[in-house]
Amino acid sequence: MELLERAPYLEQLATFLREAVAGQGSLVLLAGEAGVGKTALVRHFGRSAEKTARVVVGACDPLSTPRPLGPLVDIAPSLGGDVADLLGGDKPRDRIFRAFLDELASSVRPTVAVFEDVHWADQATLDLVRFLGRRIGPARGLLVLTYRTDEVGPRHPLRIVLGDLATLGPMHRLLLPPLSEAAVRVLAEGSGIDPGTLYRQTAGNPFFIAEVLAAGNSGIPLSVRDAILARAARLSEPARLALEAAAIIGATVDPSLLSAVSGPVHEPVDECVAMGMLRMDGRHLMFRHEIVRETILETLMPRRQKQLHSEVLASIRAATIEPDMLASVAHHAEEAGDAKAVLEFAPLAAARAASLGAHREAAAQYARTLRFGDGLLPEGRADLLERYSYECYLTDQADDAIKAMEQAIELHRMLGNRLREGAALCSLSRRYWCAGNKAGAVKAGRQALALLEQLAPGRELALAYSNLSQVCMNEEDDEGTVEWGMRALEIAEPLGETEIIVHSLNNLGTMEILTGRPEGSKKLERSLELAEQAGLEEHVGRAYIHFGWAAMRTRNYALSSRLTEGMEICKELGLDLWYLYVLACHARCELDQGRWSEAADAATAVLRYPRGAPLLRIFGLVTLGLVRARRGDPDYWPLLNEALVLAEKSDELQFIEPVASARAEAAWLERDYEAIPQTTRDALDLALHCRASWVVGQLAYWRWRAGIMEEIPSAAAEPYALQIAGHWSRAATLWAKIGCPYEAASALMDGDETAMRQAHAEFERLGARPAVAIVARRLRELGVRDIPRGPRPATRSHPAKLTEREVEVLRLIAEGFRNTEIAHRLSVSAKTVDHHVSSVLAKLGVRSRTEAARQAGKLLNNVHLS
């Protein structure tokens, strides 16, 4: 079918390719509903691009548990270099990612790599997209991703990746619309079908239109599936059977496998190709569209599907099974109901996925194994449960991780294996803490200790000691952290138990930094170094999280310099939850250093995550809430209220203090001084108990601001103590030296007229409207009248005079979000979004969201958001 109304999109792709040829690579997102013509467009573009570039195409699998790095596996044979060799072995995925990037950067010809259907992408592929999106700029490469907009909701993993990349790399968005009625009239000419009716029935969907026109003048089907089935009904029996077998095999079909399943297929395949059901793509067959395959599958009775899966499985097992085929083999085994094959191949597929950082897929493969594992011996089932629990733990599936580990413990207990039971209890303790269940964490840790201290000292007892050291560290119990951590090292070091040494050093180093002993950073650095050398990925991520915690708590932004590196490494290792913790710490450090837009973007990215541990969510809510409160934006109390609900479930300072301080500040900005004493009292008592000087100082400061006259706590950090004591100038100097401009301006606010003018100017620069108003009021009370006024700098510099929040809204409009989805994304009310959208349309001088989206690319580029 002729490509109509696609010339502007082809020209944009051609422009991006010319930029890539010149050494300015980029990522292109080609989105649209199913059947809108994404594949047709990239295929047409690919044919023209082959004149100047190497074009390679890979696709994601429409499987419940897809192949790890499926698109890269597809294109690897065409790339040359080391990519194929690394994929074929058991190499760390960061080497695979870098090899692919190197291939894009060093290739003589520029490369156009197309990853189709990334709405089905596995975790490792999404991480590869994130990796490339941040680094493809200097490469002579163009990465084109296609996805269905109707498959990607606000909490879809792909949406999270795109949000992460929105401000960090050269990225272009192309939203492919349905055809207009005028285009449908052109296509329908000479068919005998009324074009108006055709347009209304198909809504301009090119695939549906093609199916109707191919069926001839026999009426317009009610749905695209009816049109496909009408075409399939004209196939001969052999061709229909071959088509059914191909649908079971998958989106990409090896002709030799199809022959093994359904007999000689030369003529039947030719018939399917001629009928437009299949197409040849190099050495493989592919369905003309995934909708065709889905429709054929829906017509197959369960018994027929099971039979075909069995035949496919048998044929695959008769040949050599490559590592990248394991996920597909496990899929066919489950669909065939072959328990023995599932137990053989699903654990192998899980291990393969885990080795590539596709931990969600690894967890799914272990879950598949367990569904068929009723006949396993208890030892084997316990081992599988622990592996499954670990993969769930890495992917923030807390409930499943806990349940699986509890079942494993019961099996170890039944078998009388006290060593394994004790070690599993230590793991359960960590699972509980990550889920926000401190009582469960403490109980499991104590149970492990009681059990293992009855046995000879060894690895498991050292593990129990180190786990209790972690429990104490999270409680900010300095003495307990040191006592249990040193006991763990006494056993672990002579045994050479690197993982336990790494864990204990992390606990000890973090606690020392939190309690004002900077030498603890050496222990934390040593923990990270050992973890990297030993390939202990979880502990690498944990070290970066604790660098972030220490930087936030102690205002030591030299430590925060490790966070960008930590985010990159956690993503490369597939540690999504660890990455989000580091990102949350980074967001707070950005806020404290006056980079509020960056802080808001990072906090929003944390809150977009579909699950999120309680502490992680508290960090994101507080940071975003403070940005809004300090800017005078609406809707900060819902964020701080949600944070309070989460914090009230814990008695740990790290949960409680960020919420108490943020709520006190928000109340002070609203001049609600009476709310501050109750808001801060319990948190201050806990901070004093934990000897957390920075927390003590911050909470005492807000109480002082509220007019509470009490003795300055001796434990209060110096800048706060100076300010409370009236030494505003010294406090401001110290805050400026530390790198906290908002706090420095807050100190100057208590000074003379010159100092207050400086504070006013700094608050203006930051966009802190409530603080500006407070200082202006104080200056007016001194009789000052020449107080400068003006719009916020970000609004003044924007080409369309959009505020920063309006820029956020425009970006989401361009991504195709509805108002209700934008409200959910930004954690504001739908009514607030309605107002923002109206303002955006008015400032842009357009009448529709579609027109605004068209202008978004240029405008967002101007503010470095696209």
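Trainee: At what angle do helix α11 and helix α15 pack, and how far apart are their axes?

Mentor: Angles here run from 0 to 180 degrees between N-to-C directions, and axes are lines fitted to C-alpha atoms, for helices over the stretch in contact. Helix α11 (residues 224-232) and helix α15 (residues 290-299) pack at about 75°, and their axes are 10 Å apart. That makes α11 roughly perpendicular to α15. Angles of 65 to 115 degrees count as roughly perpendicular, under 35 as roughly parallel, over 145 as roughly antiparallel, and the rest as oblique. The α11 side of the contact consists of V224, R225, I228, L229 and A232, and the α15 side of I291, V292, E294, T295, I296, E298 and T299. Contact means heavy atoms within 4.5 Å. By class, this contact has seven nonpolar, two polar and three charged residues. Ala, Val, Leu, Ile, Met, Phe, Trp, Tyr, Cys and Pro count as nonpolar, Asp, Glu, Lys and Arg as charged, and the others, Gly among them, as polar.

Trainee: What kind of model is this, and how are residues numbered?

Mentor: This is a predicted model, in which local features need pLDDT of at least 70 and side-chain atom pairs count only at pLDDT 80 or more, while totals for chains, interfaces and linings use all residues. Residues are numbered from 1 along each chain as its sequence is written, and side-chain values use heavy atoms, with hydrogens and water left out.

Trainee: How many helices and strands does the protein have?

Mentor: Helices (H or I, at least four residues) and strands (E, at least two) are DSSP runs, numbered from the N terminus. The protein has 47 helices and eight strands. Its radius of gyration is 30 Å, close to the 29 Å that the globule rule gives for 866 residues, so the protein is as compact as a globular protein of that length. The radius is taken over C-alpha atoms, and the rule is 2.2 Å times the number of residues to the power 0.38. Along its principal axes the C-alpha trace spans about 90 × 75 × 50 Å.

Trainee: In what order do the strands of the five-stranded sheet lie?

Mentor: Two strands pair if DSSP finds at least two bridges between them. The order in this open sheet is β2-β3-β4-β1-β5, and the pairing is parallel. At the edges are β2 (54-59) and β5 (171-175), each pairing on one side only. From one strand to the next the twist averages 15°. Six bridges join β2 and β3 (residues 111-116) in the parallel sense, and V57 stands opposite V114 in β3.

Trainee: Which helices lie across these strands?

Mentor: Helix α6 (residues 123-135) lies across β1 (26-32), β3 and β4 (141-148), at about 145° to β3. Helix α7 (residues 157-165) lies across β1, β4 and β5, at about 135° to β5.

Trainee: How is the three-stranded sheet arranged?

Mentor: In a regular strand the side chains alternate between the two faces of the sheet. Here an open sheet has the order β6-β8-β7 with antiparallel pairing. β6 and β7 stand at the edges with a single partner strand each, so one side of each is left without a neighbour in the sheet. β6 (residues 252-253) pairs with β8 (residues 284-287) over two bridges, and T252 has M286 as its bridge partner. Four bridges join β7 (residues 278-281) to β8, with M280 opposite L285. β7 and β8 form a hairpin with two residues between them, and G282 in the turn has a positive phi of about 70°.

Trainee: At what angle do α33 and α34 cross?

Mentor: The axes of α33 (residues 614-631) and α34 (residues 637-647) come within 8 Å and cross at roughly 155°. The two helices are therefore roughly antiparallel to each other. Their contact has ten nonpolar, one polar and three charged residues.

Trainee: Which residues of α39 and α40 meet?

Mentor: W728, A731, A732, W735 and A736 in α39 meet E743, A744, A747 and L748 in α40. By class, eight are nonpolar, none polar and one charged. Helix α39 (residues 728-738) and helix α40 (residues 741-748) pack at about 170°, with their axes 8 Å apart, and are therefore roughly antiparallel to each other.
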